[in-house]
Amino acid sequence: MEEVEEKVKVRMMKRKGAAGLTGVRNWMVVTETGQRRLECVGKHSIMRRTGLPARDLRVLDPMLSHPSSIMGRERAIVLNLEHVKGIITASEVLMINSSNPLFLHFLQHLLSRLSHQNSQNGLPVGVSEESDAVQARVDSPNPKINAEMLTGTLAPKQLPFEFLALETCIESACRCLESETSTLEDEAYPALDELTSQLSTLNLERVRQIKSRLVALSGRVQKVADELEHLLDDDNDMAEMYLTQKLQASLQEEFSSECEDGDQSSNESNSEKFDKFSGLKPDVEELEMLLEAYFAQTNGILQRLSSLSEYVDNTEDYINIMLDDKQNQLLQASIIFNTLNMILSAGIVVVGLFGMNIQNKLFDGEPRQFWATTGGTFGGCVLMFLVCFGWGKKKYFLSQ
């Protein structure tokens, strides 16, 4: 019985080792028709399926810590935004499956948007909206429609699948960051106000934790904003993300080449076809408008975090002023007590002089001489204290 258990353990370890070597993971696949399925796919299979190199897949590894990034490639878009780690192609989205509630909410939102768009199109599964609309305009006998197509004034079209998925990913990440920002604001402002009214170790610890969260959250939001700004500044990077347009152009070019010269097209490599298409720069206005909206949203979040950071700094300055004031009060009290100690020491010196065992006529005098000496010593001490106190006021050693 023990030998059987050991063999089972060895087989399980071998399977885990093989899975680790091949990079097999559970991927949630969402198609452009709104269907989803869970696939257990290896790294090399994903590379062949999407045309991505291994270094791009390493960005999606949940065991490694990578900053937020959006990368456009020949046949796919690689996304690593907060809880969304996936690959977008012209026909499907591949995401590393997770039980994170944020990921599940994002998945439901993506499926809802795809279902809504497909219901608006009213198209059967596997039929593209753009090809169907173009074919309808070509076949239509209405001269106005043909004129619109010739003049380029087509009716507004919906976003391609890759842009819809990209927008949903960025929207989910921005919504997550904005929610964390609101939560942090709700906790930070009352805690800072309480710290200014009651300075204690517990309140200081709460503010320290809030400041740590603020710095971390600001870094995450800044990274997302930098990625969006980088894409907006480079039209070539945005052009790489027009996956549907590149795919259609490639298929159209391949079909045209086969019709003209089948032999020449059969010898032409895929890389040469892509090199021909790379010279065509599509209009990136559509994607630019999409990214600008979320770039403005991330800047708004950064502004809120910056305001909170300034409030924290102002509170720290106020606390430091309070501590300096307390320290000054302690120093003033120390000066006063040291002055009193010095004056009392002077009175003790007088008492010590009269306490010497020597002959003194004052010892044989009347009681009024004793009281006169005692009153003179006490009055002299008071006078010395007032002189010292007035001098400290004049030199601003003591508060006015």
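User: Which residues does Leu228 touch, not counting residues up to four places away in sequence?

Analyst: This is a predicted model. Contact here means heavy atoms within 4.5 Å. Leaving aside residues up to four places away in sequence, Leu228 touches Ile70, Ile170, Leu291, Tyr294, Phe295 and Thr298.

User: Is Leu228 buried or exposed?

Analyst: Leu228 sits in helix α8. The cut-off for buried is under 20% relative accessible area. Leu228 has a relative accessible area of 1%, so it is buried.

User: What C-alpha to C-alpha distance separates Leu228 and Ala296?

Analyst: Along the sequence, Leu228 and Ala296 are 68 residues apart. In space, their C-alpha atoms are separated by 9.7 Å.

User: Are α8 and α13 roughly parallel or antiparallel to each other?

Analyst: Helix α8 covers residues 201-233, and helix α13 covers residues 285-354. Their axes come within 9 Å and cross at roughly 155°. Angles over 145 degrees count as roughly antiparallel. The pair α8 and α13 is therefore roughly antiparallel.

User: How many nonpolar residues are in the contact of α8 with α13?

Analyst: The crossing of α8 and α13 is left-handed. By class, their contact has five polar and five charged residues. The nonpolar residues in the contact of α8 with α13 number 16.

User: Is α7 roughly parallel or antiparallel to α13?

Analyst: Helix α7 runs over residues 161-197. The axes of α7 and α13 are 10 Å apart, and the packing angle is about 15°. That angle makes the relation of α7 to α13 roughly parallel.

User: How many nonpolar residues does the contact of α7 with α13 have?

Analyst: α7 passes α13 in a left-handed crossing. Seven polar and seven charged residues belong to the contact of α7 with α13. Its nonpolar residues number 22.

User: Are α13 and α14 roughly parallel or antiparallel to each other?

Analyst: Helix α14 spans residues 367-394. α13 and α14 pack with their axes 10 Å apart, at an angle of about 155°. Their relation is therefore roughly antiparallel.

User: Which residues of α14 make the contact with α13?

Analyst: α13 passes α14 in a right-handed crossing. From α13, the contact uses Ile336, Thr339, Leu340, Met342, Ile343, Ala346, Gly347, Val350 and Phe354. From α14, the contact uses Thr373, Thr377, Cys381, Met384, Phe385, Cys388 and Phe389.

User: How many charged residues does the contact of α13 with α14 have?

Analyst: Twelve residues of the contact of α13 with α14 are nonpolar. Four are polar. The charged count is none.

User: Is Val351 buried or exposed?

Analyst: Val351 lies in helix α13. An exposed residue has over 50% relative accessible area. Val351 has 57%, so it is exposed.

User: How far apart are the C-alpha atoms of Val351 and Thr377?

Analyst: Val351 and Thr377 are 26 residues apart along the chain. The separation of their C-alpha atoms is 8.7 Å.

User: What percentage of the residues of the protein chain count as buried?

Analyst: The protein chain has 14 helices and six strands. Its accessible surface comes to about 25100 Å², with 57% belonging to carbon and sulfur atoms. Of its 400 residues, the share that counts as buried is 30%.

User: Among contacts between residues at least 6 apart in sequence, what percentage join residues at least 24 apart?

Analyst: The set is contacts in the protein chain between residues at least 6 apart in sequence. Within that set, the share joining residues at least 24 apart is 67%.

Methods
Residues are numbered from 1 along each chain as its sequence is written. This is a predicted model: local features need pLDDT of at least 70, side-chain atom pairs count only at pLDDT 80 or more; totals for chains, interfaces and linings use all residues. Side-chain values use heavy atoms; hydrogens and water are left out. Axes are lines fitted to C-alpha atoms, for helices over the stretch in contact, and angles run from 0 to 180 degrees between N-to-C directions. Helices (H or I, at least four residues) and strands (E, at least two) are DSSP runs, numbered from the N terminus. Angles under 35 degrees count as roughly parallel, over 145 as roughly antiparallel, 65 to 115 as roughly perpendicular and the rest as oblique. A crossing is left-handed if the near helix is turned anticlockwise from the far one by less than a right angle, and right-handed if clockwise. Ala, Val, Leu, Ile, Met, Phe, Trp, Tyr, Cys and Pro count as nonpolar, Asp, Glu, Lys and Arg as charged, and the others, Gly among them, as polar. Buried means under 20% relative accessible area, exposed over 50%, partly exposed in between (1.4 Å probe, protein chains only). Accessible areas come from the Shrake-Rupley method with a 1.4 Å probe; for residues, only the protein chains shown count as cover.
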